[in-house]
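This briefing is for a reader meeting the structure for the first time. Please look over the sequence and the model, then read the notes below.

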Amino acid sequence: MSKKTIYSKYDKTQLGSLPRIQFQGRIIVVISESEAEKAVDYLLNADILGFDTETKPVFRKGRQNKVALLQVSTHDTCFLFRLNRIGLCPAIIRLLETEQVKKIGLSWHDDILSLKARGDFEPKGFFELQEHMKELGITDMSLAKLYANLFGQRISKREQLSNWEADVLTQKQQSYAATDAWACVMLYEEYLRLKETQDYELIIIPEEVTNTNKVIDEENISEKR
């Protein structure tokens, strides 16, 4: 059997041609502290959790909204904690501070800073994917590029700039948020598998090729404007 081919840098122009992947499990929206307590009790029985956050975008310079959503996923169930409703309540702090379960995040340092703007806590038990993917030789660290690189599938980012403080999250928003958290679990497990088996071939993409693609992208953007 041939080895999996992965790339040091992934050509984002190829993303559109890939089959789309999204979370197929249960999605549970949490809008009260009592619901948060039950959700955290459930999550702490898992062996691994994927984490991500969403914030309502700001289109004015100098302004910034507080993080509105914390999504936490197992292999088959994702909880969406609506922080704009319940804040960083004791149950969520308990989840963020526990070392009972391994917690996987991508660029998690930024998420922690956003969460700390809502309340103080000591993050424990987190695994930062960006730090460890470098061990495989990968340098492109966005979620979409990592997933495309390792699985050959596309994660849609269409809902990223939607209103995460809306009264009711749409089904598309819920699916988007859950997929991002669940994808962290998938990426972590594939990282472990590749690291252990060495069942991959790394293709080094020269920096000049990346820069050329960047220039082409910028020209296309200028033409669209």
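Are H6 and H7 roughly parallel, roughly perpendicular or oblique to each other? The two helices pack at an angle of about 45 degrees, and an angle between 35 and 65 degrees counts as oblique, so H6 and H7 are oblique to each other. The model is a predicted one. Its mean pLDDT is 92, and 92% of the residues reach 70 or more.

**Confidence**

- Over residues 214-225 the pLDDT stays under 50.
- For that stretch, residues 214-225, the model has 2 contacts beyond four places in sequence.

- Helix H6 covers residues 143-151 and is mostly covered, with 8 of its 9 residues buried.
- The buried residues are Leu143, Ala144, Lys145, Leu146, Tyr147, Ala148, Asn149 and Leu150.
- These buried residues of H6 pack against strand S1 (4-7), helix H5 (129-133) and H7.
- The axes of H6 and H7 are 10 Å apart, and H6 passes H7 in a left-handed crossing.
- On the H6 side, the contact is made by Leu143, Leu146, Tyr147, Leu150 and Phe151.
- On the H7 side, Asp180, Trp182, Ala183, Met186, Leu187, Glu190 and Leu194 make the contact.
- Just after H6 comes Gly152, which takes a positive phi of about 65 degrees.

**Helices H1 and H3**

- Helix H1 (residues 33-43) packs with helix H3 (residues 90-97) at an angle of about 25 degrees, and their axes are 8 Å apart.
- Angles under 35 degrees count as roughly parallel, so H1 and H3 are roughly parallel to each other.
- The crossing in which H1 passes H3 is left-handed.
- H1 contributes Glu33, Ala36, Glu37, Val40, Asp41 and Leu43 to the contact.
- H3 contributes Pro90, Ala91, Ile92, Arg94 and Leu95 to the contact.

- Gln174 lies in helix H7.
- With a relative accessible area of 10%, Gln174 falls under the 20% cut-off and is therefore buried.
- Neighbours within four places in sequence aside, Gln174 is in contact with Ile27, Val29, Leu80 and Leu169.
- Thr197 is also found in helix H7, but Thr197 is partly exposed, with a relative accessible area of 44%.
- Thr197 and Leu96 are 101 residues apart along the chain, and their C-alpha atoms are separated by 31 Å.

**Loop residues**

- Ser107 lies in the loop between strand S6 (102-105) and helix H4 (108-116).
- The phi of Ser107 is near 55 degrees, a positive value in a residue other than glycine.
- The relative accessibility of Ser107 is 24%, so this residue counts as partly exposed.
- Gln198 is in the loop between helix H7 (171-197) and strand S8 (200-203).
- Gln198, a residue other than glycine, has a positive phi near 55 degrees.
- Gln198 is partly exposed, with a relative accessible area of 42%.
- Asp120 is found in the loop between H4 and strand S7 (126-128).
- With a relative accessible area of 68%, Asp120 is exposed.
- Asp120 and Ile93 are 27 residues apart in sequence, while their C-alpha atoms are 8.3 Å apart in space.

**Cysteines**

- How many disulfides does the count come to? The count comes to 0 disulfides.
- Cys89 is in no disulfide, and its nearest cysteine sulfur, that of Cys78, is 16 Å away.
- Cys89 is buried, with a relative accessible area of 3%.
- Cys184 is in no disulfide either, and the nearest cysteine sulfur is that of Cys78, 10 Å away.
- Cys184 is buried, at a relative accessible area of 2%.

Technical notes. Residues are numbered from 1 along each chain as its sequence is written. This is a predicted model: local features need pLDDT of at least 70, side-chain atom pairs count only at pLDDT 80 or more; totals for chains, interfaces and linings use all residues. Side-chain values use heavy atoms; hydrogens and water are left out. A disulfide is a pair of cysteine sulfur atoms within 2.5 Å. Buried means under 20% relative accessible area, exposed over 50%, partly exposed in between (1.4 Å probe, protein chains only). Helices (H or I, at least four residues) and strands (E, at least two) are DSSP runs, numbered from the N terminus. pLDDT is the predictor's confidence in each residue, from 0 to 100. Contact means heavy atoms within 4.5 Å. Axes are lines fitted to C-alpha atoms, for helices over the stretch in contact, and angles run from 0 to 180 degrees between N-to-C directions. Angles under 35 degrees count as roughly parallel, over 145 as roughly antiparallel, 65 to 115 as roughly perpendicular and the rest as oblique. A crossing is left-handed if the near helix is turned anticlockwise from the far one by less than a right angle, and right-handed if clockwise.
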